Amino acid sequence: MKRALVLLALVSLTAPPSAQAGGGTGAVRRSAPNFTFTDLGGERVSLAELRGEVVIVQFGDVGCAVCRDNDRLLRHYQLEYATHGLVVVSLHGRATLDELRRYDAGFTFSTLAGLDPGQAIARRYHALPIPTTVFIGRDGVIRDVRRGRLDEDDLLRSLQGLL
């Protein structure tokens, strides 16, 4: 029994960061669960409607500085690569609609942004703690997950082969 516990501890310490809670990156390669949310314009949007596009889902919070930095970077790339089929979705579990509207207005470029009441979508995606960024291919398969701060190199590595 003691040997099994030591082995389990060693395996968890050597697991890639993506396998650990709050870890760095990792290719997941599973179908992305469908979800629906209401965007800031009052329109219902579902992931299924975005199939055929490269979708990046940013799970964050309006009060999180790292989330804001990630959002700023993602919005810049969405603008640059929108004609190549890149869509960014920014979901927030702990905000009111007014708070999210003020947050969104603080950026030069808008994106699909909405509320994730009770972080229900984030939980289905195992996207806690926040910020967590999920990269979904045109085929609806999760290709990468990044936890914490995104830098431009991380983003470009995750987008490689998707666009």
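Author: In this predicted model, the largest nonpolar core holds 20 residues, and those touching the most other members are Val 57, Phe 59, Tyr 125 and Ile 136. Two or more residues of this core come from each of strand E5 (54-60), strand E6 (86-92), helix H4 (120-124), strand E8 (132-136) and strand E9 (141-147).

When neighbours within four places in sequence are left aside, Ile 136 is in contact with Ala 32, Leu 47, Glu 53, Val 54, Val 55, Val 57, Tyr 125, Val 141 and Ile 142.

Asp 116 sits in the loop between strand E7 (112-115) and H4. Not counting residues up to four places away in sequence, Asp 116 touches Phe 59, Leu 91, His 92, Gly 93, Ile 121 and Ala 122; of these, Phe 59 has already been named among the core residues that touch the most other members. Asp 116 is buried, yet it has no salt bridge. The nearest side chain of opposite charge belongs to Arg 123, 7.7 Å away, whereas a salt bridge requires a distance within 4 Å.

Cys 64 counts as buried because its relative accessibility is 18%, under the cut-off of 20%. Cys 67 is likewise buried, with a relative accessible area of 1%. The number of disulfides in the model is zero.

Notes: Residues numbered from 1 in each chain as written. Predicted model: local features only at pLDDT ≥ 70, side-chain atom pairs only at ≥ 80, totals over all residues. Heavy atoms only, no water. Core = buried A, V, L, I, M, F, W, Y, C linked by side-chain atoms within 4.5 Å. Buried < 20%, exposed > 50% of the residue type's maximum accessible area, 1.4 Å probe, protein only. Helix = DSSP H or I, 4+ residues; strand = E, 2+ residues; numbered from the N terminus. Contact = heavy atoms within 4.5 Å. Lys, Arg positive; Asp, Glu negative; His and termini not counted. Disulfide = S-S within 2.5 Å.
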